[in-house]
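Subject: Structure for your review

Dear colleague,

Please find the structure below. My notes on it follow.

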Amino acid sequence: MAKSTTTKKTGDSTKHAAKTTRQQNAEKGFTASKTLADNLQAVLVDLLDLAIQGKQAHWNVVGRNFRDTHRQLDEIIDDARTFSDTIAERMRALHAVPDGRSATIAKTSSLPEFPAGEVSTTETIDLVTERLEAAVGTARDVHDAVDEEDPTSADLLHAIIERLEQFAWMVSAENRSPAGR
């Protein structure tokens with residue numbers, strides 16, 4: 001679309017005011033560098049994978065404390081989905097393009113693959129803790145570079161790290177014995 005110009009009369013002088021299109025308006029503001037976009041993309045795919053693998057665990061967990069584990073997995077899944085949406089929308093606000101396609105997630109996630117079939121609650125706890133810690137690791141790895149370029153995006157990472165670390169602690173406590181005993 002071409003930019004159009006309008007003529008405005010103000011008093012005795014005539015001024016030319018530029019009129020912008022919707023497309024041009026969408027491109028104003030802060031734009032993420034490739035590095036910032038790549039860093040946010042890395043967090044995005046780990047969060048999407050965490051939600052997917054959480055559902056796999058949720059559907060196939062069996063054994064003692066099934067109900068509590070099953071319900072806790074839903075909390076993790078809900079937060080991972082919410083956080084992934086927040087990161088993807090932040091990327092769009094910075095004129096970066098998020099990629100949440102399944103092939104991209106499978107190829108670029110830092111999370112190990114979740115096993116197929118039924119998994120005991122004890123093993124599920126360890127597997128989910130490992131995946132939570134991997135997602136936190138990615139967010140921590142990119143945090144400083146993100147913060148340097150865009151402190152607002154780094155604030156989002158703070159919330160993600162805080163919540164996922166809390167989940168990792170709570171989930172892993174299921175398999176722990178009291179210290180010193």
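How close do the axes of α3 and α6 come, and at what angle do they cross? The two axes come within 11 Å and cross at roughly 170° (axes are lines fitted to C-alpha atoms, for helices over the stretch in contact, and angles run from 0 to 180 degrees between N-to-C directions). Helix α3 is therefore roughly antiparallel to α6, a term for angles over 145 degrees.

This is a predicted model, in which local features need pLDDT of at least 70 and side-chain atom pairs pLDDT 80 or more, whereas totals for chains, interfaces and linings use all residues. Residues are numbered from 1 along each chain as its sequence is written, and side-chain values use heavy atoms, without hydrogens and water. Helices (H or I, at least four residues) and strands (E, at least two) are DSSP runs, numbered from the N terminus.

Just after α3, H95 takes a positive phi of about 65°.

In the contact with α6 (heavy atoms within 4.5 Å), α3 contributes residues including I76, F83 and I87, and α6 residues including L156, I160 and F167.

V128 touches A57, L73, I76, F114 and V171, leaving aside residues up to four places away in sequence.

Yours sincerely

Methods. Angles under 35 degrees count as roughly parallel, over 145 as roughly antiparallel, 65 to 115 as roughly perpendicular and the rest as oblique.
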